[in-house]
Amino acid sequence: MNMEKDLRLSSILIRWYEANKRDLPWRNTSDPYAIWLSEVILQQTRVDQGYSYYNKFIQKYPKVDMLAMADEDEVLKLWQGLGYYSRARNLQAAARLIVKDYNGVFPRQHKDVLKLKGVGDYTAAAIVSISYNEPYAVVDGNVYRVLSRIFAINEPIDSGKGKKVFAELAQELLDDANAGLYNQAIMEFGALQCVPVSPRCDICPASSICLAYAQNKVAQYPKKAGKQKVRNRYFNYFDIRHGESMYLRKRGDKDIWQNLYELPLVETEKELTIEELQKDEKFKPLFEAASDVKIQYIRQIKHVLSHQIIYAIFYKVEVSEIRLEKEYLKIGVGDVDDYPVSRLVHKYLEQL
C-alpha cells in the first residue's frame, strides 16, 4: 500500500465530510448509548426512515437502564415499521446486560462492546471510534463500495476472503489520530458521493486516485460472488370478528417476526383458493367450533424480506360464535394498535 495515497485519501475524505456531512442528531454527541442506538436503527434502514425512530427511542428511553427495564411489547411497538425485529430484541437484551454486568455504564473497551447481543465488528468499531476515538476501522456497505472502487478490488465482498481483504485494508487506511472522524467521513462519502448507481465521478474529490474511475469501470464495483436463494412462503390470514372483538396470536421463536402479534394464520406450500384452503387440515381447527361463518376476501400483499418473499392473502371473517385455542388472544377491535405487529399485518390494518 502506498502511504502517500493513504494520507491523501484520509485528507480528501475528512475535508469532503466537513463540507458535506448531514446534520444528524447522533453526530452531535459522543454518548456511546446514543451512537449505539443510531447504529442499530440504521442497520438495513435508510437514514430518512431511521431518523424519526431514533428520535422516538432517545426521547422515550434517554438512558440505557430505561430501555433495559421497558416492557418488550412496548419496545417492539415503538420499533414497528422498521422491520428486522431481532434488532429491537437484541437492543433490549444488550441494554439489560449493560445494567447487569456494567452497572448501567456503557462499556468502553472494544472487546466488551463486542459481547453485547446484536453487536458485530462494524457496530463495535463505530461505537468505540466515534465515542472514544479508539482506532478500529468500520466496514459497512458504503465502505466496501468506496474502497473497492478506489483500489479496483476484485475480491467479492460477500466471500470470506473478500471480507478479510477489505477488513485489513480498512484498518491499514484508518487515520488513527482521527479514527471517529475518518470512519464517519468514509461512510458518509459512500452514502452521498460514491453512491451505488451513477455516481458523479466528474465532481468527486477522490477521482484522481480512483483506479476504477481511471479504468472506466466504476459500475463494476463492488464485486459480488452471488445472491442467496430466496424462499417463497404463502400466508393466509384470517381477521376473525366476533361482535366488537377480534383475535391475535403471538409468533414463537425460530422464525421471522418473533414475539410479534399477528392475525390467525394458515401457512400453505403454495397459493390456494378459499375453496382449496377450506379443505386444508390446518384450516379446520380454526373454525370447527364456530357458527355462522362468513368469509370475505380483502386483499393480497406481496411482502419482500432479505431472503424470503411472503405472498399473503387477508380474509375478514364474521362469526356469531367461536372458541379458539389458548394461544389466541381475544381483544377489542379498538385495542389492536396497542399490540406490536409486523409491517405486513400493519399494512392490512392500515387499510381498514
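View 1. Of the 352 residues in the protein chain, 49% are buried, where buried means under 20% relative accessible area, exposed over 50% and partly exposed in between (1.4 Å probe, protein chains only). Keep in mind that this is a predicted model: local features need pLDDT of at least 70, side-chain atom pairs count only at pLDDT 80 or more, and totals for chains, interfaces and linings use all residues. Residues are numbered from 1 along each chain as its sequence is written, and side-chain values use heavy atoms, with hydrogens and water left out. The chain has 15 helices and seven strands; these are DSSP runs numbered from the N terminus, with helices being H or I of at least four residues and strands E of at least two. Along the principal axes, the C-alpha atoms fill a box of roughly 80 × 50 × 30 Å. Among contacts (heavy atoms within 4.5 Å) with a separation of 6 or more, 66% join residues 24 or more positions apart.

**View 2. Helix α2 and its surroundings.** Ten of the ten residues of α2 (residues 32–41) are buried, so this helix is largely enclosed by the rest of the structure. Its buried residues include Tyr 33, Trp 36 and Glu 39. They pack against α3 (47–60), α4 (64–69), α5 (72–79), α6 (86–102) and α8 (121–132). UniProt, in an unreviewed entry, lists residues 41–192 as "domain: HhH-GPD"; its positions are given in the numbering used here, feature names are shortened, and annotations may be inferred rather than shown by experiment. That span is 66% helix and 0% strand, with its end C-alpha atoms 19 Å apart.

View 3. Take a disulfide as a pair of cysteine sulfur atoms within 2.5 Å, and the count comes to zero. The sulfur of Cys 194 is 6.4 Å from the closest cysteine sulfur, in Cys 204, which is too far for a bond. Cys 210 is in no disulfide either, with the nearest cysteine sulfur, that of Cys 201, 6.4 Å away. Cys 194 is buried at a relative accessible area of 12%, and Cys 210 is buried at 10%.
The whole structure holds three cavities of 30 Å³ or more. On a 1 Å grid over the protein atoms alone, a cavity is a set of points where a 1.4 Å probe fits but cannot get out, while a pocket is an open set with protein on both sides within 12 Å along at least five of seven lines; lining residues have an atom within 4 Å of a point. Grid points are joined across faces, edges and corners, and a volume is the space filled by probe spheres set on the points. The largest cavity has a volume of about 100 Å³. Of its 13 lining residues, Arg 149, Cys 194, Cys 201, Cys 204 and Cys 210 are the closest to its centre.

**View 4. The second largest pocket.** This pocket holds about 200 Å³ of space. Its lining includes Leu 265, Lys 282, Arg 323 and Tyr 328. Two elements, β4 (265–268) and α14 (284–287), each give two or more residues to the lining, and β4 has the largest share, with three.

**View 5. Tyr 234 in strand β1.** Tyr 234 is found in β1 (residues 231–242) and is buried, with a relative accessible area of 18%. Tyr 311 is 77 residues away from Tyr 234 in sequence, yet their C-alpha atoms are 4.9 Å apart. Leaving aside neighbours within four places in sequence, the contacts of Tyr 234 include Val 266, Thr 268 and Tyr 311.
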